[in-house]
Amino acid sequence: MSGVRLVLVRHGESHWNVEERYQGQADSGLTPAGIEQAAVAAIELRRRFGEADLVVTSDLPRARDTAYAYTRNVLVDPRLREVDVGSWTGRTFTDVAADQPADVAAAAEGVDVRRGGGETFAEVRERVWTALTEAADRAGDGATVVLFTHGGAIRVAAAAALSLPVPGHHDLAPPVNTSLTVIAYAAGRSRLAEYNSPTAREARSTRAD
């Protein structure tokens, strides 16, 4: 068996990325720069991988619109959403740090807190990894699957591919906008082949986007 190549793409720059706000499962839309990044990423995806056998996207607009720059033939899977940050959604990093310093400090140290009462990264890892393995099984041996998703989802997927203890994402740098992460998956085994390779200039990374 040759296995399946899973190519994870982070969405283009969003308005709340620029404003340094927690986005979670809300959405602020792509900026003009984000739209351009998506177009550049689409060119790079075609150059490196051609037309994928299967394309899956998070249902959140910033990921879906990034996917549409590559193809309109996509499956939508809400399990590829970003971590739910609860009451932190839409608030600036600075405001949340001032209001809930203990939780922000704990998260920075790697404690898997429920940001704003939302999800833990352990929960995100479980749903995202299930979505990835189901996509791999659907595509079949030898296929390339391109998945448009979010920074937190990519970090926990990479941690799972590396078999790091759950949640495992803390020591992995947040992926920049429209970066590529590649996981080789076969017969229930996985290997992180590439992580956070940029496709566009001036790409951003954020803590929970």
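Me: Which residue stands opposite Val-76 in S3?

Reply: Before the answer, a word on the source: this is a predicted model, in which local features need pLDDT of at least 70 and side-chain atom pairs count only at pLDDT 80 or more, while totals for chains, interfaces and linings use all residues. Residues are numbered from 1 along each chain as its sequence is written, and side-chain values use heavy atoms, with hydrogens and water left out. Helices (H or I, at least four residues) and strands (E, at least two) are DSSP runs, numbered from the N terminus, and two strands pair if DSSP finds at least two bridges between them. Here, the residue opposite Val-76 is Thr-57, and S2 and S3 (residues 75–76) pair in the parallel sense over two bridges.

Me: How many residues lie between S5 and S6 in their hairpin?

Reply: The hairpin of S5 and S6 has two residues between its strands, and Ala-187 in the turn has a positive phi of about 50°. The two strands run antiparallel and are joined by six bridges, with Ser-197 in S6 as the bridge partner of Leu-180.

Me: Which residues of helix H3 (residues 61–68) are buried, and where do they fall around its axis?

Reply: An α-helix has 3.6 residues a turn, so residues three or four places apart point the same way. In H3 the buried residues are Arg-62, Ala-63, Thr-66 and Ala-67. Seen down the axis of H3, they fall within an arc of 135° (the arc of the directions from the helix axis to the C-beta atoms), so they line one face of the helix. The cover of these buried residues includes S1, helix H2 (32–49), S2 and S4, where cover rests on contact, meaning heavy atoms within 4.5 Å.

Me: Why is helix H7 (residues 151–161) described as largely enclosed?

Reply: In H7, 11 of the 11 residues are buried, so the helix is largely enclosed by the rest of the structure. Its buried residues, including Gly-151, Ile-154, Arg-155 and Val-156, have a cover that includes S1 (4–10), helix H6 (121–139), S4 (144–149), S5 (180–186) and S6 (189–197). H7 is followed by Ser-163, whose phi is positive, near 60°.

Me: Where is Ser-14 placed, and which side chain does it join through a polar contact?

Reply: A polar contact is a pair of N or O atoms within 3.5 Å; within protein, one must be able to donate a hydrogen and the other to accept it, and residues adjacent in sequence count only if both atoms are side-chain atoms. Ser-14 lies in the loop between S1 and helix H1 (15–18) and is buried, with a relative accessible area of 0%. A polar contact of 2.9 Å joins the side chains of Ser-14 and Gln-23. Leaving aside neighbours within four places in sequence, the residues in contact with Ser-14 include Ser-28, Thr-31 and Arg-62.

Me: How many helices and strands does the protein chain have?

Reply: The protein chain has seven helices and six strands, which run β-α-α-β-α-β-α-α-α-β-α-β-β from the N terminus on. Buried residues make up 52% of its 209 residues.

How values were computed: Buried < 20%, exposed > 50% of the residue type's maximum accessible area, 1.4 Å probe, protein only.
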